[in-house]
Every structure is written in structure tokens, then in C-alpha cells.
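Please look over the sequence and the 3D structure shown here. The report below goes through parts of the fold and then a few single residues.

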Amino acid sequence: MKPPQFEPDVGSSLSLRVIVASVVALLLIVGGFFGYRWLDSEKRHGEVIIATGPQSGTYQLLGLAFARVLESSGAVESAEVIETEGSVANMRLIGAPTDGADLAVVQGDTPPNEHVRLVAPLFEEVLHILVAKEAAEEITSIADLRGRTVSLGEEASGTRLLAERVLDHFRVRVGEDVRLSPQEASQALVDGKVEVAFILSAIPSRLIDDLAQMDAVRFLSLGDAEEHGTEAEALALAFSGV
């Protein structure tokens, strides 16, 4: 059984809130390019490179939409969207002396660099901890991840950054650390190649919804962050604002 392969359809993949926030960001970006050209009429941006994320993920869908608007508005001559492992890789690409990026979509708690400036916050993301259906009875808490085969996300992704913070906080060491994109992780859960996958995504997420509808996974709950003594409360106290 395989999860569907998604087409980059922004309208059906993102919530109204994300779309509205993206429109605001686009207005700021387009306005910035035109303003820069107005201040110096001899300056004209040729190609703009936008760093996004894994194929068919939210970051890539947004990047494709940004590129279309930038080109159609005449703000730039061309806009190239590049697929990356995620937020950490994107942050490194901004301001890189060679093969860098001009714009990027990144997770809010990604360590910044001196070349980065915020354009606009777009949406909130949720860290899903998905357990393969066959392993659900044995894995009911973060502690149960010890010794398990787990996908923490790709090496330079925001998912891995956050997943490692969660595991470090609870002093949990997984057995086999598998580096997979969200699409690859979802397939690995269905195929039984991993027992648990950390996937950071906006809500709604078509990938997560389809896995749930296929009855292929169970969600590992950390409890209510406002309830005393839960794992969620412990994380909220340790990582306020995340």
C-alpha cells in the first residue's frame, strides 16, 4: 500500500490562514523589489533563487507560488525554486558566496545567520510523532522510542532540529536513526521499514491526513500542555515560544 503522490496544488493543500499570510509576504517581497528598482533605475534583478524544502511539501508549494507571482508581476526576470532538505539547509544558503539563495522558507526556531532578514511569518507548524500501526501497542510514550527505528527527518531539516531537541530533553536515544524526507518517512511507515516518524507540517497536511485515512499510523500524544505533569507541559516549560 502506497501513499498518493501529490501534485503541487497550493489551493487545496494549504489553509486559508496560510494563503492569506503568504499573500501578505508576496506583497512585501514584490514591493521590495520594485522599490529597490525605483531607488536605482539602473538596477534590475535577473534570476532570484528561492530555497524551499522536500518535494511536494508545504515549503516547496509556497516557493512555487512565490516564483509564479514574482515572474508574472515583472518584479524579476526569472525565479528558480530549488528543492532542499529543509530549514537548516535553507538558512545556510541565504548569503552563501556561491550557489546561494535570495529567498527561503524556514522554520521559526532555526538558528539564523547574519545575512538573514525576516520578511513575514506565514503559518504555525506542528510536530507530528507518527507510529506505525503494527507498533502502536508497544509505543505509547516518548520513553518507548528507546532502541526503536525512527525517522527524525533529513540531516539539514527543521524537523530533525526539533525532533532532536525533544529527544534530548527526555534523554531518549533511538536505536536506528533514519534520515528521510516526509514523503519517504510516510512510505517507510506503511512498508514497516521504520516504527516511528517525526514529521513537522502545517495544519492541514494532506500527507498526514492520507496516512490517517489509510489507517496506517497512530499518533503519539504527549498530553495537554496546560495539564500538570504531562510530557507536553514539560516541553512547553523548556521551550517556551516554540
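## Basis of the report

This is a predicted model, in which local features need pLDDT of at least 70 and side-chain atom pairs count only at pLDDT 80 or more, while totals for chains, interfaces and linings use all residues. Residues are numbered from 1 along each chain as its sequence is written, and side-chain values use heavy atoms, with hydrogens and water left out.

Helices (H or I, at least four residues) and strands (E, at least two) are DSSP runs, numbered from the N terminus.

Strand β1 covers residues 47–51, and four of its five residues are buried, so β1 is largely enclosed by the rest of the structure. Buried means under 20% relative accessible area, exposed means over 50%, and partly exposed lies in between (1.4 Å probe, protein chains only). Five bridges join β1 to the parallel strand β2 (residues 78–82), and Ile50 has Val81 as its bridge partner in β2. Two bridges link β1 in the parallel sense to β3 (residues 103–104), where Ala104 is the bridge partner of Ala51. Two strands pair if DSSP finds at least two bridges between them.

## Helix α3

Together, β1, helix α3 (residues 58–73) and β2 make a right-handed β-α-β unit. A crossover is right-handed if, with the strands pointing away from the viewer, the path from the first strand over the helix to the second runs clockwise.

How far does α3 reach from its first C-alpha to its last? Its 16 residues reach 23 Å, close to the 22 Å expected at 1.5 Å a residue; the expected span is 1.5 Å times one less than the number of residues. Buried residues in α3 include Leu62, Ala65, Phe66 and Leu70. An α-helix has 3.6 residues a turn, so residues three or four places apart point the same way. After α3 comes Gly74, whose phi is positive, near 85°.

Three bridges pair β5 with β6 in the parallel sense, and Thr149 has Glu176 as its bridge partner in β6.

Arg160 is in helix α5 (residues 158–169). With a relative accessible area of 2%, Arg160 is buried. Its side chain makes a polar contact with the side chain of Asp177 (2.8 Å). A polar contact is a pair of N or O atoms within 3.5 Å; within protein, one must be able to donate a hydrogen and the other to accept it, and residues adjacent in sequence count only if both atoms are side-chain atoms. Leaving aside neighbours within four places in sequence, Arg160 is in contact with residues including Leu152, Glu154, Val178 and Arg179.

Val194 lies in the loop between α6 (182–191) and β7, and at 3% relative accessibility Val194 is buried. The C-alpha atoms of Val194 and Thr149 are separated by 5.2 Å, although these residues are 45 residues apart along the chain. Ser141 is in the loop between β4 (125–132) and β5 (149–151) and is buried at 18%. Not counting residues up to four places away in sequence, Ser141 touches Leu220 and Glu231.

Notes:
Contact means heavy atoms within 4.5 Å.
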